Amino acid sequence: MELNRKTKKIVAGVLISVFVCSLTIVLHTLDALNTLNLELSNYLYNEKELNDQIIIVAIDEKTNGPIEDGGLSNIRNWTASTYSQVLNEIEEAENPIVIFDILFRSASDGIKGEEIKEIAQNYPKTTDFATEVLKYLGTVHPNDQDFADTLSKYKNIYLNKIAPGIGEFNGESFEYESNILPMDIYLSTTQTGYMNLISFGNDDNSSSVYSVPYKISVNEEMEEHMDFKIAQQLLGVDKFDPLLEEGEMYINYYKPSYGFPMVSFADVYNGKV
């Protein structure tokens, strides 16, 4: 009788293990089927011709190359005024909408030799010179102010901001715990938008289908994704009603490198485009 009870416990344990394993396999299979369905949708997607009005200004190899070869050297050596010059060149086009896929989070630092020379000429006394240098370093850096002033001249600029992590859909929007914003001096002069994407498929993006969360919430503040803000502006409508599935709109825009109309950032900076 005692052996029979032990046998029953063993059998029950085995059955529970088999059930759990089977359930795990089924759930994994369903997830795999969902991904396969998305990838199949991606493969069967009717590709449309590229809109030649959408142009990527790329910080490419040429841009990061030597100045003598038409480049701008390493991006770490740039100042915010570099972006001012490129923005002014782009704004020569007819009614452009400009999106910076760059997070302007850090303030410029340092002081140029020419600026030190000018202060030294105007304030020859050591104490006055030191006071002016400290005053210079204690205010908004001139390069940052220059870029902020350039942004304020135009009404069609969007800067990127980030909601890190994975958002939870609450039935109306995707909620994120925090965000990373551009510097305050830029926030006060131009528009911003979230550029979060939700991806499926392989890590190399070779066959991924992406979706855009329609609305994003951070700290109970909700707004539309940048893509929808821009769509509304381009279409000239107050509201854009996309075809959504659980708060997301699936998109397919995969292309290999240089698959989209693209020009070099350095060429725009140098006035060659």
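Predicted model: local features only at pLDDT ≥ 70, side-chain atom pairs only at ≥ 80, totals over all residues.
## Salt bridges

Aspartate 267 and lysine 62 are joined through their side chains by a salt bridge, with 2.6 Å from N to O. Aspartate 267 has a relative accessibility of 15%, so it counts as buried. Lysine 62 has a relative accessible area of 35% and is partly exposed.

How many salt bridges does the structure hold? There are three. Another of them brings together the side chains of lysine 161 and glutamate 223, at 2.9 Å from N to O. This pair also links distant parts of the chain, with lysine 161 in strand β3 (residues 157–161) and glutamate 223 in strand β10 (residues 221–224), 62 residues apart. Lysine 161 is buried, its relative accessible area being 7%. Glutamate 223 also meets the side chain of lysine 229 in a salt bridge of 2.7 Å, N to O. Through shared partners, Lys161, Glu223 and Lys229 are joined into one network.

## Aromatic pairs

The structure holds 13 aromatic pairs. One of them is made by tryptophan 78 and tyrosine 83; the pair is edge-to-face, with 5.8 Å from centre to centre and 65° between the planes. Are tryptophan 78 and tyrosine 83 buried or exposed? Both residues are buried. In the pair of tyrosine 214 and phenylalanine 228, the ring centres are 4.8 Å apart and the planes stand at 85°, so this pair is edge-to-face.

Tyrosine 214 is in the loop between β8 (209–213) and β9 (215–218), and phenylalanine 228 is in helix α7 (residues 226–235), so their pair ties together parts that are 14 residues apart in sequence. Tyrosine 214 is buried, with 9% relative accessible area, and phenylalanine 228 is buried, with 2%. Tryptophan 78 and tyrosine 83 also belong to an aromatic cluster, which is formed by Trp78, Tyr83, Phe100, Phe104, Phe147, Tyr186 and Phe265.

## Helix α7 and what follows

Which residues of α7 are buried? Among them are Met226, Phe228 and Lys229, and the list also includes Ile230, Ala231 and Gln232. Phe228 is the partner of tyrosine 214 in the edge-to-face pair, while Lys229 takes part in the salt-bridge network with Glu223 and Lys161.

Leucine 234 is likewise found in helix α7, but leucine 234 is exposed, with a relative accessible area of 62%. Together with Leu235 and Val237, Leu234 makes a nonpolar surface patch of about 300 Å².

The loop between α7 and β11 (248–251) contains glutamate 245. Glutamate 245 is partly exposed, at 47% relative accessible area. How far apart are the C-alpha atoms of glutamate 245 and tyrosine 214? They are separated by 9.8 Å, and the two residues are 31 residues apart along the chain.

## A negative surface patch

Glu168, Glu175, Glu220 and Glu221 form a negative surface patch. One of these residues, glutamate 175, lies in strand β5 (residues 174–176). Glutamate 175 has a relative accessible area of 41% and is partly exposed.

Most residues other than glycine have a negative phi. Serine 73 is not a glycine, yet its phi is positive, at about 70°.

Asparagine 95 is another residue other than glycine with a positive phi, near 45°. Asparagine 95 lies in the loop between α2 and β2 (98–100). Its relative accessibility is 69%, so asparagine 95 counts as exposed.

Technical notes: Residues numbered from 1 in each chain as written. Heavy atoms only, no water. Patch = residues over 30% accessible without salt bridge, like charges linked within 9 Å, V, L, I, M, F, W, Y side chains within 5 Å. Areas by Shrake-Rupley, 256 points an atom, 1.4 Å probe, with all protein chains shown as cover. Salt bridge = Lys/Arg side-chain N within 4 Å of Asp/Glu carboxyl O. Lys, Arg positive; Asp, Glu negative; His and termini not counted. Charge placed at Lys NZ, Arg CZ, Asp CG, Glu CD. Helix = DSSP H or I, 4+ residues; strand = E, 2+ residues; numbered from the N terminus. Buried < 20%, exposed > 50% of the residue type's maximum accessible area, 1.4 Å probe, protein only. Phe/Tyr/Trp six-rings, centres within 6.5 Å; stacked < 30°, edge-to-face > 60°.
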